[in-house]
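These are my notebook entries on one structure, written as I looked things up.

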Amino acid sequence: MSLDGKTAVITGGASGIGLAIAQEFAAAGARVVVADIVEDRAVTAAARISADGGTAVGLPVDVSDRTAVEALFARTEAELGPVDILVNNAGISIDRGVRRITDDEWHKTIGINQTGVFLCSQAAATSMIPRKTGRIINIASRAWLGWFGQLAYSTSKGGVVSATRSLAIELAKYGITVNCLAPGLIDTPLLRNEPAEVLERLLQAQPTGTLGAPEDVAWAARFFAEPDARTITGQVLYVCGGKSLYARPAGQR
Ligand SMILES: NC(=O)c1ccc[n+]([C@@H]2O[C@H](COP(=O)([O-])OP(=O)(O)OC[C@H]3O[C@@H](n4cnc5c(N)ncnc54)[C@H](O)[C@@H]3O)[C@@H](O)[C@H]2O)c1
């Protein structure tokens, strides 16, 4: 199997896109750490993967907290070996326009979505550099291009795209690739938290008119994780049903 013998850490791995990536990587032979702020869900998800024949452990982490991140990577190394693949997937979405978003909401969004990528990538790179191999895959969002009422979220994801590019340049000489996925509307609890009318408007502006599945993103993440992808770095791959190309005016097909 293509990811045999690799240790993969997936942040936010207990739900939605992260869970699908953890399952996909485990099915490809990786030893998987499901890392999530909700520890019991991480443990349950890892148990599900193990029951399906994979190797997985569930560990707690708050990606915005340096101490917690360092503890995650120390436990990963102790329990499954040093990290070969990091997927920076943990994220939150607080949708508010410029006049309504509060300082707390802004800092929380940047802290998890952007600083979390920095802290986890730093810990992973420190372990990968001496071994001269590694994969870092960041989950940004099509929203980094900008969207109504998503000031903090799109700003945080724009930072993820920039971090991907700078890390790719810095880490290339160590055999470490850094790439980024930009999903569009994917059917997960995060999206289902949106009010029904917001979801309906989002769908109407989607060229395909349909939601993507977490498995669609997982498959793309595996592409970047594969050993044969060694020359692909610093890229943004959209998994968005065409929404990065244009936004269809609501109601028009
Ligand atoms: N669903 C979509 O349509 C969509 C679109 C574009 C991008 N994304 C991105 O994909 C990623 C996954 O989103 P999802 O839709 O699967 O969401 P989700 O809410 O289903 O899962 C997110 C997971 O992250 C965990 N998490 C939240 N804060 C954390 C923290 N501080 N530390 C560790 N874990 C934390 C949550 O507990 C949860 O398990 C996010 O980065 C999101 O921005 C999602």
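Where is the place of Lys-132? I found Lys-132 in the loop between H4 and E5, where helices (H or I, at least four residues) and strands (E, at least two) are DSSP runs, numbered from the N terminus.

Before going on, I noted that this is a predicted model, in which local features need pLDDT of at least 70 and side-chain atom pairs count only at pLDDT 80 or more, while totals for chains, interfaces and linings use all residues. Residues are numbered from 1 along each chain as its sequence is written.

**Entry on Lys-132.** I looked up its backbone and found that phi of Lys-132 is near 55 degrees, a positive value in a residue other than glycine. Lys-132 counts as exposed because it has 10 C-beta neighbours inside 10 Å; with C-beta atoms placed from the backbone, a residue is exposed if 12 or fewer other C-beta atoms lie within 10 Å of its own, buried if there are 20 or more, and partly exposed in between.

**Entry on the whole chain.** I counted 8 helices and 7 strands in the protein chain, and buried residues make up 45% of its 253 residues. For a compact globule of 253 residues the radius of gyration would be near 18 Å, and the protein chain has 17 Å, which agrees; this radius is taken over C-alpha atoms, and the globule rule is 2.2 Å times the number of residues to the power 0.38.

**Entry on helix H5.** I checked the length of helix H5 (residues 151-171): at 1.5 Å a residue its 21 residues should span 30 Å, and the end C-alpha atoms are 30 Å apart, which agrees. The expected span is 1.5 Å times one less than the number of residues. The buried residues of H5 include Tyr-153, Lys-157 and Leu-167, and among the elements that cover the buried residues of H5 are helix H4 (103-128), strand E5 (134-139) and strand E6 (176-183).

**Entry on Leu-181.** Not counting residues up to four places away in sequence, I found that Leu-181 touches, among others, Ile-137, Ile-139, Val-217 and Leu-237, a contact being two C-beta atoms, placed from the backbone, within 7 Å.
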